[in-house]
Each structure stands twice: as structure tokens, then as C-alpha cells.
Amino acid sequence: MKLNVDGLLVYFPYDYIYPEQFSYMLELKRALDAKGHCLLEMPSGTGKTTTLLSLIVAYMKAHPLDLTKLVYCSRTVPELEKVMEELRKLMNYYEKEMGMEQNILGLALSSRKNLCIHPSVSKEREGKVVDGRCYSLTASFVRARHAADDAVPICEFYEGFDAHGKEFPLPPGVYNLDDLKEYGQTKRWCPYFLARHTITHANIVVYSYHYLLDPKIAEVVSKEISKSSVVVFDEAHNIDNVCIDSMSVKITKRLLDKCSNSITILETTISNMKENDSKRLEKEYKRLVEGLRDATIARETDMALVNPVLPSEILEEAVPGTIRTAEHFVAFLKRVVEYIKTRLRVQHVVQESPAGFLRDIHTKVCIDRKPLRFTAERLASLIRTLEISDLTDFSPLVTVSHFATLVSTYTKGFTIIIEPFEDRAPTVSNPILYFSCLDSSIAIKPVFNRFQTVVITSGTLSPLDMYPKILDFHPVIMTSFTMTLARQCILPMIVSKGNDQVAMSSRYETREDTAVIRNYGNLLVEIAAAVPDGIVCFFTSYLYLETIVSSWYDQGIIDQLQRHKLLFIETQDAAETSLALINYIKACDNGRGAVLLSVARGKVSEGIDFDHHLGRAVLMFGIPYVYTQSRILRARLEYLRDQFQIRENDFLTFDAMRHAAQCLGRCMRGKTDYGIMVLADKRFSRADKRSKLPKWIQEHLKDTNCNLSTEECVQICKRWLRQMAQPFSREDQLGISLLTLEQLQSEEMQKKIQQRAQGV
Amino acid sequence: MDDYQTCPKCKTTKYRNPAMVLMVNACGHALCESCVELLFAKGSGACPECKCPLRRNNFRVQLFEDPAVDKEVDIRKRILKEFNKRQEDFPSLREYNDYLEEVETIIFNLVYDIDPTNTNKMIDNYKKENKDITQKNRNRQSQEEMELEVLLEAEKAQQSEKANLYVNAELEEKKQKHKAREKLIDELMFSDADAKSIVASHVQATAALAKEQPKAAAQLSSGVVKSSKFSSGVQIGLRGQHTNSFLPIPKQEDLPLYRYTAPVFDYDGPPPPPIEKLGKLNYFANIRAANITERAGGYTEAMSCCRALQEALGGLFYSPQLTHKAAVLATNASTPDTDDMETT
């Protein structure tokens, strides 16, 4: 249908629209008009993606000068594909309505591993290996060697692309990963480089978070995206963690040993080159003396090594004399690695600021801050000069060089933690150096500064006011939308005690208590008896899951459970988990019914939807707090407290509740769906926890359902399920939660929508 | 961890003898402690590997896994004592970098015994030429070191201060909570008032306290020096640019519901036209239209126009007679004072 959103003609590819989708469009349009950033929460299953796409495409068509590009960031490859499907639908609708080809080019970009069509390289399974082998076939010097000697292998697809692909841009249309591969096959062009090349002039780019947030990758891939773009981060409730991960470095003992090997390789290569071809080293040396930035860095295939963020004024400067010649630099690297090795030889945990580290490295091995800052850059230059084609071996050394550069660049917002052993295995020596970023705003700051509009959206962003604080930006619009429902199709309940009146809680003091464990078990058994089809349970950690299951086994609860449903368990092993999932789905499909025990923050809680009969009930056993004793977390909490005035408890609760909400949201994937949400912990009923749930869950969580016992909970479930089992057709929804164009345009509804938009 | 460390002389390993300590001397070859005692009983001797004459006193515990690094660091420290010119001593960065490279070459040569005669000559020459600067620089910290020192100091100060602050704040909070609870119980025990009303007033009091607390915390933390810049000069976040940050939606507190009561204005003037009609009456012709950014937040030009009109019309009916006398009196009273001041 064609909509009028605040004066903008929007083509919406469906015949019906949800009222909240329309409100979402209104808010989004305002943010685009204002060229500011916004934060929007809308429940999962209400069609966020298609709403976003149709509004932004319409806006691009109406204001082609103000808004040139949409960059849509998603988390996983399946999500990426889903976005592409929605986009395809939208473009087909445009074509049908306007009767001509649309001049819009949308494409998905993923890593080489997902896009490679080289017959042997694409067989590799590990991403890093694919990258390394690709580099060894396409690096500029390899190709130069091939020109001289045909025996040197190169990639024919890249050659094809290089020869012809750049002049012929991709014709307009929508390309997902498979389409790109197919197009590459027919033209004999490399789809990966084709996609990367096309980014600059595509209208819609869909890729992973990392291409924008990780400074090492963003520099290469997203450099040329213009300011007048809108960036969308979908499923962004974890965005702060992604930011932090992209700036943090972890160094283990094994990694350092590998570094030593790489350094020896460097040494031998240098001495070889000195004998055979000293000209190249001299050339590099001269360039460094002149202080010229590497001209070759622009060459697209030589991208494997990039600098982590450095202020540009430093990059303009010449490389310091101490690491100018190749031998000196290798000796320098050796010292750095040896120094870190000595630091790892600790007996107790050390926490240190970057400044302290810099002073120590200066006194111990006489390394100044300045050359340290240039380590990453210098290493990249050296590897390029030495023409080392097998990069996979060098990744440890590259990690260390990034660490060196980061530690000397940022003295605030980072901390260094050296742990001699893991907390859970204090006898096994396994020293690890964590260089941990504490401030999630550092990585995302360039994104906010560079693009005119950044949209952060997810089904669960509550409490909204936390994100502007921890990401340090000023949104022009910050809104949470609820779901309009024709019937009450979610039933959130807080179960606080068992039938024996013992309080249920995953608190540390009571979690070992057999009474609590038995009560949890009874709750699950009774719900399994009352609820049809699939039930998903979430525990706070793998460890807790295992202890509980083992004592349930002793208490005979597992036997009781298996009388009603089959039991599946998520484990840390990805393959095992996916097998369990397949069988879980099978059991739900054929009516046997199944229970899946999984872990909050695990794979199941983040990416897998249990729509309709796959998830009729979600049980959350305990509040999923993070492991609070972790030193990295402690350091981050301290930093948040000092820099942003966020109290430790506030942040911990915020983090726990967003994961709880994420788990609960798994069972609701649309308006025809229905599901029970049981929060089995006494502490959920406290105001500070309850108020942090997303609005769309909060509004159905009645006060009377906040302090239930197992028995009461089951009673309510039964009654509610009987209601839900009544036939439910589209006609019931029409006019309330589903609108036709006429209904949408009716004055009454417009008024309601306006109210909603302002009220929140 | 370092179980594979072996003494090259007696072949003892760290695994067999956990107390074994490897030592190195100027030549960069390792020896275990007991071998050192055995071989250098006289106080001096030759290195068993390179036959270099060594003194026992110069043996140190090996710090690094690779003894060559130990040797290099040793030499480096020695050389850097002499070659301690700073960037300030050079006219350009280029020359400073050349100097750094020269130093590096010297160290490299010494470590790998390349061309020892020339290298030593170079060192001697340098020593002679640059005696003054070397002497001077020895007593002076480099700029970088100073920067680091300052940073560390600041960190330390901040840490101790903050630790105190937060511990105190937490204690205080606990005490207050405890007090409040006791007070409630006391009241419930001894007062004759309705129990419900007592509980209600208690709830309100704690809510009010809770509201004050964040402010107090903010005040506490404002006392500590807050850094808004990285050492590289890049600003941390946006705080540096907008000192008073705003949030479009204030944080919700758990307080009793707010009830709106219309304020009574002492307006003293003709009523301005209502805000909805301003457009029709063509008031907007002379003012700047609100731009898009402002509109997004809900602002319209009618608001400021309406306010301006209110200000313009307000007080037009104000009659000075009522308060004139008081004003005159006030001025009269103040003038003699100033006269006195001048005369004295």
C-alpha cells in the first residue's frame, strides 16, 4: 500500500500495516529530517526490518541529495539474508507499482569465507585461512611475480575482476550473498572484491557490525562511505559489548610463543633479502626516512594488516629513527615480545593502567612510547616489503603489534589485567594478558561523528536512557513502541515461590539449596504438563544448568519431565547444540512436545526464534547476571562509575534485564503467535528489575501476576491457554492491531497514532 | 611454566630442580647459579661458551627467556646513559630521527659484535663532543617521561580519593537506611497514629532521600579531576564539547504520581492571542522559522512567539501608585549611607 508519512510517500510492500509500524515510520522520518541519531525500541515480530527499509528507501527517493546511502548493520549471516529478502520484496513492489526498473542497488557483504568462489580456497572452513590463502593469491607482489613467471599461482577470478569488473558497475537490483556468487561465476569475477568495490556506489549496503565498528576493518571497508548516509544497527542491544570487543586485545602464552617463531621468520627473510635483493629494503628505508605514508596502503588486496585507530596527526609524522631499519625493528619486536613474556610470569593477578605499563616497559627494556605507537604501522610496512605471502602465521605478531599501538595511544579508558590462571582452575597455570577497553564510546564515536543519522534499534533496548550514557551520544529521538494486540497474547508472570512457600531465587547463597532446585524442577514439570508443544528454559550459566540438571536427575524430576515431553540441552559445543535444536524442532513438529534447556547469553538466546508451537512457554530460571567476580567487568564497572556516574548495581541490573528480555522475546515472533513468559525468581518482582523490562512486556505484567506460587501460575496458564486456543483470524485483528489503508487514514486512528508518538 | 629452561653447562632443568636460577653476564650466555659459584670461585674467569673473560660480580639473574635480549638490554642501558639527547636538542625531527638511528646502529653493532673497533671509536668521539649535553640531560627528565609521571600521579590521587569517597558514601547510605528503618519501627510501636499513614510517610521520606542521593554522588565525583582528553589530545566522548549534557527523556523515579495544578499568574496586562491562532494572525511573518533539528524535539516557532507576546503585553496594566512610595522610601534610605561613606 502507499502511505503518507508526514508528507512523504512511502511504498509499503504489504496490504496491511500494524499501527506501531506507522508510528515507527513517523519517528524515523523525524530523525532523518533532523539529521540526528535515534534510538528506537520496537517488539520483535512487528516487522521492524521492512518498516525501516520502506521508509528509508522512500526517503532516499524523495530527497536524493540529502540521503545517499543506507548502511544496514546486522549481526549474523542469516539475519543479513533476511534483510535482503525484505528488500527484494520491497523492490518488487516498487517495480509493480511504478511499472519500471528501479535504479536502486542493494547488496550484502560478508567475509571472504562466505563469498569466495575459488575452487580450492573456498573449500577451507576457517575464515582466517581463507583470508590468508586469498592474500597469497591476490597480493600485488604475487601478481607482479606471476607476470614474470607463469608458475606462480594467482586467482583467476580476481584477475577477471581486476581486468574488467571495475569499469562495469553492478546493474541495479538486489544481491544477496548467493546472487553475488552466481553473478561472479557467470562473469568469472571475484564476488568478494566486486562487492567491496561496489560499496562505494551502492544505495543500500547490508553487512555485519564489525565492518563499521572494528577500527581495523572499518578503515579498509567502510572508508569511502559518504557522510550523507544513514546507518542502522539492528538487534543492537549488545552494541556496547561489540564496541568493547573490537578494541580489546587478549594475549596468551601460546600466542607469544608463536610470535617468537614469526620473528625468526622475519629475521631469516630479512637476511635473505639483504643478500639477494637489498634494493627493496633500501627503498622502504628511504620512504620511511622521508616520512611518507605508505602509498601502497591504498591497494585493495594488500589489506590484511591495518592499523588500529591512530590520531591522524601521528600518522602524518615520520616513523621514529629507532625502528627505521628492518633489523632494528625486528630486534625491537623481540624485546617487546620478551618483555610481555616476563610480565606473564606472575603469581598473582596484576591490574595496571596503560601509563604504568609504559613506564615499566621503559625502565625494563628501554622502549619509548613513540616507537611503540608506530609498531603496527611499521610491521605492516615490513611484511609488505618482505613480500611474505602466507599471512596466517603472522596473525599472533599482528595482535601484539596492535596491542603495542593501542597501549601507547590510549591512556584513558583502557586497563591491563594479567591473570596467571583462570578463576575456575586456580591450579593450572594459564597466564593471560587482557588489554581491555572499558569505554564503549571509543569505538563507536567515529560512526556517530561521521554519519548524519545513526539508528540504533532492537526489540529489547530498555531501559533506553542507559544507551546514550554508555555510548556517549545525544539522540534527537528516543522512543519505545509497544505492541498493539487484538488479544492478550503474551502472558508474563513472576513466580516467586514454590508450592511449599520456599522462595525461588538464583541468588548465590540459595542456589545450592535443594529446596530451591526442587521447586524449580516442580515448576518446570507442572508447566510441561499444562502447556502444549515446545517449552524453552533459560538458566543463568552453563555451570548452573549442569548442577541443576544433575540434581534434578537425582530427585527424579527428569523422569517425571520425560513422561510429558522430550528433553534437549544446549551445550557449549556449537555442533552439538545445533543437533539438539534440530531434534527439538522435530519433536515439536510431530506433536510429541519438547523442553529445551539453554543458557541466557548463549547461542540459543541470541539468534534463534521459537515461533508458534516451537515456543509456547519460556521459563527464565534466575536473573542472568554476568559473572561479577571477573576482573575485567569490575574494572569496567569502576570506569562507568567514575566517568559516567552509573552505579555498579544499575549497570549490572540493566545488563541482566536486557538479557532476560532477550530470552523472553524468543517466543513471540508475530501477532498471531502466543506465548507464556515465566520469570522464576523472587527478585524479578522488585520495582528496579521490573521497570527495566521492555514496555511491551511490562504492560502485560499485571500486579496480580507478580508474586505467584507454582500452583497459581499453572492455574493461570491453563485458563489463558484455553482462551488462546480459540480460533483467531485476520478479521479479529483488523482495525485494532492490523490496519488496512482506509483504516489507517481514518481520522480516529491518525489521532491515536499521533498521541502514541507524542506520549512516549 | 619455564620447565624447559636448561643450564648449558650442567644440563640441569628447571623441572628437575625448581630452585635453579639462570644467570647472565655481559656476553649474553646463561649459566645456572651453582655453576657460576663453581666456575667463578675465584671471582673471575672465562665464559664456558665464548671464552670471554668475565667477573663474578657482574652476573645477574636472567630476566628474559632469551639471554640475548638480556645482553642487549644491558648494553642498551649502558649506551643510553651516554646517548641521552632529546628531541629538543635538535633543530628538526628529521635530525633527531637520524640520531636515534645512529644510536640504534651502535647498540646493534655492539650486541652482534659487528665492527667493534669503529663502533667504540664512534662512542668515544661522541662522548668527547657531547659531554655537556649528556651531563645536563642526565638531570633532566624527558618530556615524555614527565607526561607519564603526571598521568600516574593523577591516577593515583584519583584512585585514593575516589575509593574514600565511595566507601564513605556507601557507609553513609547504609547508616541512613538503618536509621530510617529503626525510626519506622519505633513509630509503629509507640505512636498512636494510623499504621498505614506512618508507613506511607516513611515511603515518601525514603523516596525523597533516594532522589537526593544521585545529586550528592554527582557532587562528590565532581570534586575529582575529570579527564576529558586522551593523552594524544583526542577528546573523550562529547563531554568536552557540551559541558552540560542533556537527555531528552529524564530518568523515571519511583515517586508518588505528579498532579498538575494550574499556576495562577499575576499578569497585569491584556491577554495575548492564543497560541493556536498566532499563525492565522500572521505573527510569524517577522520571526525566524524553527529549523528541522529543533522541530524534531517538539519545538515550534509558535512557542517562542507566544512567549514574546506574553512578555510584551504582561504588566501593561501595572499601576505604579501602589508601590511608588515604598520605592521612594527605599532610595531615600540608601542615599545617606553612601554620603556617609564618602565623607569618611
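**View 1. Two domains of chain A share an interface.** About 1,000 Å² is buried between domain 1 of chain A and domain 2 of chain A, with 58% of that area coming from carbon and sulfur atoms; buried area is the accessible area (1.4 Å probe) that two parts lose on being put together, summed over both. A:Asp423, A:Arg424 and A:Leu438 supply 43% of what domain 1 of chain A buries here, more than any other three residues. This is a predicted model, where local features need pLDDT of at least 70 and side-chain atom pairs pLDDT 80 or more, while totals for chains, interfaces and linings use all residues. Residues are numbered from 1 along each chain as its sequence is written, chains are lettered from A and ligands numbered from 1 in the order written, and side-chain values use heavy atoms, leaving out hydrogens and water.

**View 2. Here are the two domains themselves.** Domain 1 of chain A covers 247–440 and domain 2 covers 490–728, with bounds from an automatic or database domain assignment. In the contact (heavy atoms within 4.5 Å), 13 residues come from domain 1 of chain A and 8 residues from domain 2 of chain A.

**View 3. A salt bridge links the two domains of chain A.** Look for the side chains of A:Glu419 and A:Arg631, which meet at 3.0 Å, N to O. A salt bridge is a side-chain nitrogen of Lys or Arg within 4 Å of a carboxyl oxygen of Asp or Glu, and the count between these domains is 1. On the side of domain 1 of chain A that touches domain 2 of chain A, strands E11 (414–419) and E12 (432–437) each supply at least two residues. E11(A) gives the most, with 3 residues. Strands (E, at least two residues) and helices (H or I, at least four) are DSSP runs, numbered from the N terminus.

View 4. On the side of domain 1 of chain B that touches domain 2 of chain B, helices H2 (67–82) and H5 (131–138) each supply at least two residues. The largest share, 3 residues, comes from H5(B).
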